[in-house]
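Here is a short briefing on side-chain contacts. Look over the sequence and the structure first.

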Amino acid sequence: MSESNRIIRLRTVLDRTGLSRSTLYRKIAEGTFPAQIKISINGAGWRESDVNRWIADPVAWRNERTEQ
């Protein structure tokens, strides 16, 4: 099964992860959640595949990113 490269917006990320907005941005700052990508001048989103990997195993995502 190929992973989705769709860009999803904040509301969808919050719904899927169950995190609050403040917790989500704190985790991004700590490096424990995928950072958003710029999609327009005023818009940003997340790669769906990155969010899905984080949901599947948050600890492994952090280790995978810090080892690179």
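A residue is buried under 20% relative accessible area, exposed over 50%, and partly exposed in between (1.4 Å probe, protein chains only). This is a predicted model: local features need pLDDT of at least 70, side-chain atom pairs count only at pLDDT 80 or more, and totals for chains, interfaces and linings use all residues. Residues are numbered from 1 along each chain as its sequence is written, and side-chain values use heavy atoms, with hydrogens and water left out.

**Salt bridges** (a side-chain nitrogen of Lys or Arg within 4 Å of a carboxyl oxygen of Asp or Glu)

- The whole structure holds five salt bridges.
- Arg53 and Asp50 form one of them, at 2.4 Å from N to O.
- Both lie in helix α3, three residues apart; helices are DSSP runs (H or I, at least four residues) and strands likewise (E, at least two), numbered from the N terminus.
- Arg53 is partly exposed at 28%, whereas Asp50 is buried at 10%.
- Arg26 bridges to Glu30, with the closest N and O atoms 3.3 Å apart.
- Arg6, Arg16 and Glu48 are linked in a salt-bridge network.

**Aromatic pairs** (rings of Phe, Tyr and Trp, its six-membered ring, with centres within 6.5 Å; planes under 30 degrees apart are stacked, over 60 edge-to-face, the rest tilted)

- There are two aromatic pairs.
- Tyr25 and Trp46 have ring centres 6.5 Å apart and planes at 50°, so this pair is tilted.
- Tyr25 sits in helix α2 and Trp46 in strand β3, 21 residues apart.
- Trp46 is buried at 1%, while Tyr25 is partly exposed at 31%.
- Phe33 and Trp54 have centres 4.8 Å apart and planes at 65°, so they are edge-to-face.
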